[in-house]
Amino acid sequence: MSDRKTKPQWGRLDADLNRISRIETATAYAARPLVGTGIALAFIVLAALAAMVALGGTPGGIVVVAAAAFGAYMAINIGANDVANNMGPAVGANALSMGAAIAIAAVAESAGALLAGGDVVSTISKGIIDPQSVADTQVFIWAMMAALISSALWVNLATWVGAPVSTTHSVVGGVMGAGIAAAGLSAVDWSTMSAIVASWVISPVLGGVIAALFLALIKHRIQYQPDKIAAARRWVPILVAVMAGTFATYLSVKGIKKIVKIDLQTALMIGLATALLVWAVTIPWIKRKSEGMENRTKSIKALFGLPLVLSAGLLSFAHGANDVANAVGPLAAIVHVSQAGSFAAKVAIPFWVMVIGAFGISFGLFLFGPKLIRMVGSQITKLNPMRAYCVALSAAITVIVASWLGLPVSSTHIAVGGVFGVGFYREWHSERRLRQNRNNRPPAKRLPLEERRRRKLVRRSHFMTIVAAWVITVPAAALMSGVIFAILNSFV
């Protein structure tokens with residue numbers, strides 16, 4: 001009798017424990033997103049405390065402490081959104097795992113910001129507004145604060161939606177909106193704004209065209225050759241040398257300006273010398289690596305893995321060196337005006353401000369970056385190492401061409417435009433080959449149209465979402481900034 005009573009009791013106990021276990025699992029799953037938010041809030045508080053310690057009893061310290069908190073918030077959002085453009089293709093091509101990509105990007109971004117980040121930055125973000133048009137220093141501080149808050153909020157919203165947007169354009173829109181709210185339309189340099197608007201089209205189109213051209217070169221000179229391995233031994237060293245020379249030029253122009261300033265002509269000579277050296281070194285390496293490989297496309301993809309990883313790290317270094325100013329530029333302006341009590345066209349960025357920007361970008365990438373990395377790397381179009389290599393190379397080349405032409409471009413638009421370019425080229429090329437082989441291919445082997453679209457083409461829904469986000473970034477950030485400025489200024 002006791003055994004009969006005991007078994008049901010044990011059964012009920014097991015069922016109760018099972019329910020408790022399921023509740024704990026559900027609670028942990030629901031609370032997981034809050035962990036990242038909590039860590040981000042802790043970093044923002046630490047940034048504010050660091051500003052408090054750095055300033056001591058300096059007048060206007062409370063405002064600067066608040067600005068430091070918002071600067072940290074902006075840096076976190078840049079890490080969550082912008083860095084995905086550099087690492088997304090490598091992750092989507094399976095050249096890097098998500099964890100490895102985040103680790104490499106965090107180190108490279110921080111190194112770029114701290115070692116090569118510009119120590120002088122325009123306080124008005126590329127001359128969008130004239131500081132003299134905002135006569136009162138307090139009004140100027142509120143304008144910069146509004147620009148910082150609005151741009152951070154917009155990038156945060158875009159990240160939540162899943163749209164990679166330009167943080168540079170977000171800051172530009174924030175500064176423009178605050179400037180208009182503070183001093184009217186005449187405060188804005190509309191010629192500069194026109195050039196920025198033009199870059200909405202120039203950046204992605206140029207990046208996409210260059211990426212598509214390199215992919216066409218790889219397909220016709222390597223992938224479709226009868227002896228793929230022999231073709232790879234001839235062309236891959238050239239392509240790797242082009243990449244090395246391009247990045248050497250890119251870093252000479254954009255990445256090491258804090259250490260030494262190099263003009264474009266000298267940078268091109270450095271790039272040429274680097275390309276020749278890498279070409280000579282890569283020839284025996286590719287020959288050794290390709291020994292014993294099968295004559296198939298999969299073998300070729302393996303040869304692009306290491307160059308792709310290196311390019312992703314170099315892009316992150318250059319991004320940290322340049323785009324950290326988006327997070328700390330308005331903050332540096334607030335610090336300068338609060339301490340000096342006067343305007344300046346350019347200001348030196350204190351080291352503690354640069355640290356906030358550098359570590360904020362790394363925290364944002366680690367906590368919230370995977371969502372946008374997956375979007376750029378695999379959800380727009382399917383990438384492999386060759387396609388991802390073309391995207392990375394086009395990003396560096398486009399920045400150099402734009403610098404030479406004096407065009408303001410967005411690294412985000414260039415990288416995502418490169419992904420679109422690769423995807424649309426594959427779409428065009430696939431349909432072209434299908435038309436050419438239609439009469440020779442047995443009907444049973446032809447895939448349905450919807451299946452071809454699912455496997456090959458750019459996802460139109462993502463394309464429309466991203467383009468819409470690009471178009472409204474500046475006006476949306478400007479509108480938010482104007483409203484925030486009005487609220488802040490009403491307390492004075």
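**Salt bridge, helix packing and exposure in a predicted model**

Colleague: Which residue forms a salt bridge with Arg296?
Modeller: This is a predicted model. The closest N and O atoms of the pair are 3.3 Å apart. That falls inside the 4 Å cut-off for a salt bridge. The partner of Arg296 is Glu294.

Colleague: How many salt bridges does the count come to?
Modeller: Side chains of opposite charge can pair when their charged atoms come close. By the 4 Å rule, the count comes to 1 salt bridge.

Colleague: How many helices and how many strands are in the protein chain?
Modeller: Buried residues make up 52% of the 492 residues in the chain. Among contacts with a separation of 6 or more, residues 24 or more positions apart account for 85%. The secondary structure of the protein chain comes to 16 helices and 2 strands.

Colleague: How far apart are the axes of α2 and α12?
Modeller: Two packed helices are described by the angle between their axes and the distance between the axes. Helix α2 covers residues 61–81 and helix α12 covers residues 351–379. Their angle is about 40 degrees, which makes α2 oblique to α12. The axes are apart by 5 Å.

Colleague: What is the handedness of the crossing of α2 and α12?
Modeller: The contact of α2 with α12 includes Gly71, Ala72 and Ala75 of α2, and Gly357, Gly360 and Gly364 of α12. By class, that contact has 13 nonpolar, 7 polar and no charged residues. The crossing of α2 and α12 is right-handed.

Colleague: At what angle do α5 and α16 cross?
Modeller: Helix α5 spans residues 137–161, and helix α16 spans residues 460–489. Their axes come within 8 Å. α5 passes α16 in a right-handed crossing. The angle is roughly 145 degrees.

Colleague: How many nonpolar residues does the contact of α5 with α16 have?
Modeller: On the α5 side, the residues include Val139, Trp142, Ala146 and Leu153. On the α16 side, they include Ala469, Ile472, Met480 and Phe485. The contact of α5 with α16 has no charged residues and 5 polar ones. Its nonpolar residues number 18.

Colleague: Is α6 roughly parallel or roughly antiparallel to α7?
Modeller: Helix α6 covers residues 167–183, helix α7 covers residues 190–223, and their axes are 12 Å apart. The two pack at about 150 degrees. Angles over 145 fall in one class, so α6 is, relative to α7, roughly antiparallel.

Colleague: Which residues of α6 make the contact with α7?
Modeller: The crossing is left-handed. On α7, the contact is made by Trp190, Met193, Ile196, Ser199 and Trp200. The residues of the contact divide into 7 nonpolar, 2 polar and no charged. On α6, they are His169, Val172, Met176 and Ile180.

Colleague: How many residues of α3 are buried?
Modeller: Helix α3 runs over residues 84–92. Its buried residues include Asn85, Asn86, Met87 and Pro89.

Colleague: What phi does Asn94 take?
Modeller: Asn94 lies in the loop between α3 and α4. At 70% relative accessibility, Asn94 counts as exposed. Most residues other than glycine have a negative phi. Asn94 is not a glycine, yet its phi is positive, at about 65 degrees.

Note on methods: Residues are numbered from 1 along each chain as its sequence is written. This is a predicted model: local features need pLDDT of at least 70, side-chain atom pairs count only at pLDDT 80 or more; totals for chains, interfaces and linings use all residues. Side-chain values use heavy atoms; hydrogens and water are left out. Axes are lines fitted to C-alpha atoms, for helices over the stretch in contact, and angles run from 0 to 180 degrees between N-to-C directions. Helices (H or I, at least four residues) and strands (E, at least two) are DSSP runs, numbered from the N terminus. Angles under 35 degrees count as roughly parallel, over 145 as roughly antiparallel, 65 to 115 as roughly perpendicular and the rest as oblique. A crossing is left-handed if the near helix is turned anticlockwise from the far one by less than a right angle, and right-handed if clockwise. Contact means heavy atoms within 4.5 Å. Ala, Val, Leu, Ile, Met, Phe, Trp, Tyr, Cys and Pro count as nonpolar, Asp, Glu, Lys and Arg as charged, and the others, Gly among them, as polar. A salt bridge is a side-chain nitrogen of Lys or Arg within 4 Å of a carboxyl oxygen of Asp or Glu. Buried means under 20% relative accessible area, exposed over 50%, partly exposed in between (1.4 Å probe, protein chains only).
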